[in-house]
Amino acid sequence: MSPAASVRLEGASSTPFWLDRPDRPAPRAALPGAARADLVVVGGGLTGLWAALLALEEQPGRDVVVLEGGRLGWAASGRNGGFCAASLTHGLANGLSRWPDEMPLLLRLGRENLAAVEKALRRHGIDCGWERTGELDVAVEPWQLEALAEDHEAGRALGLDLRLLDADGTRALVSSPTYHGGLLDADGVALVDPARLVWGLAAAVERLGGRVHESTRVRGLSDRGSGGVLVRTDRGDVHGSQVVLGTNAFPSVVRRHRPYTVPVWDHVLVTEPLSQRQLADLGWSGRQGVGDAGNQFHYYRLTPDGRLLWGGYDALYYFGGDMSARRSRNGRTEALLADHLAATFPQLDGVRVTHAWGGVIDTCTRFSPFWSLTHAGRVAAVQGYTGLGVGASRFGAQVCLDLLAGRRNERTTLDMVRRRPVPFPPEPLRWTGIQLTRRGLARADAHDGRRGPWLRTLDRLGLGFDS
């Protein structure tokens, strides 16, 4: 893309927009010392808080404690774009390529999960800007139209209400000269303020009797046999009957889990509030979430106060899985995103970016969550959402609780739940393979989607790299 307009980046705050609020809750106290609990939840993001809330709803009076190493929602759960999707499989095509026989069930479970999220928000009075807008996938190059048509045909065959649009129909929903066509799923995505979702879930957990501690780093787990699991923290040990691990991209305290995910940095820009004229020029009255159909793709949406959030495209992996704070800003990537924004929406010429940040995604080789049960069935973990965890985190948490309870149901018998992805190789092969894949994806986008030998080999093996 070559921009016909410009976007101003100077002076952008490094604080994620969702967290840059005067009404952000005050930090909760750290664990005061040694403790006991029926259920210990490690991680105060969406997975952990859903696990705590579901456990308390399922069994009122259960002693549940949530341990968060930093602040609630400070990592992926508060740094994402706020797309709460029904998909549990990172999209229809990925699901069909891996679990074709299970897709009717996975689609139903995904839609039921999204509906359950909405019901929980109402039940607990959680105000997180929920908007059931749907999602518009757009083709920004002619070659991308074929993939949208294939998704439309496959989705319709599975009973999804999808609309395939030509260029004029797509631009009637959102006005961009780059659109060649689109695929509208009017019901499969809701937009949320993810930080307010986190804060609301934490408050609901506490109202039901759960304990939530911040600034409490979990160092390890020890099996205590019939006595449960000892959760070792920097603030004291917690004896738990059962444990849920919701640590996302951070290295798991169960070391054998670590090869299954890599931390990928994804970057986001948010503009100043758009004027009424700018909003009218966009014609975006339906406020759909939008994603484009390239291998390197953008996602974007309007915020509740009329800003444009624009992210994605340049998924970055640093040697050794570097997750240090210095990686949270990347000038080259931010400039690239700004150029792409300007080319997509030239009517926003001169708009100022007020917030720019990066966040880490837990990518796995199948692009979708997987589960583990260890410590004699007392520790359940879910990882690998690959950037689509805002909605799927509730499902991931529910499956963890199912596994801990030994339930055999339509969730736990899924092949998706019973099998893990292929792990990533150790360094330096990990870094080398990911860089080859990133370059292969960029070359494919530059050559009408044609995949080279490296990508075709990964396709045959059912492996990949995504965000």
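A: Two strands count as paired if DSSP finds at least two bridges between them; strands (E, at least two residues) and helices (H or I, at least four) are DSSP runs numbered from the N terminus. This is a predicted model, in which local features need pLDDT of at least 70, side-chain atom pairs count only at pLDDT 80 or more, and totals for chains, interfaces and linings use all residues. Residues are numbered from 1 along each chain as its sequence is written, and side-chain values use heavy atoms, with hydrogens and water left out.

Q: What is the order of the nine strands in the open sheet?

A: The order is E1-E17-E13-E16-E15-E14-E5-E7-E6, and the pairing is mixed. Strand E1 (7–8) and strand E6 (162–166) form the edges, each pairing on one side only.

Q: In which sense do E5 and strand E14 pair?

A: E5 and E14 (residues 289–292) pair in the parallel sense over four bridges; Leu136 has Val290 in E14 as its bridge partner. By contrast, E5 (residues 135–139) pairs with E7 (residues 181–185) in the antiparallel sense, over five bridges. There, Asp137 stands opposite Leu183, and Glu135 has Asp185 as its bridge partner.

Q: Which strands does helix H5 lie across?

A: Helix H5 (residues 144–157) lies across E5, E6 and E7, and runs at about 155° to E6. Contact means heavy atoms within 4.5 Å; such angles run from 0 to 180 degrees between N-to-C directions, with axes fitted to C-alpha atoms, for helices over the stretch in contact.

Q: Where is Thr15 found, and which residues does Thr15 touch?

A: Thr15 is found in the loop between E1 and strand E2 (35–42). Not counting residues up to four places away in sequence, Thr15 touches Asp20, His355 and Trp357.
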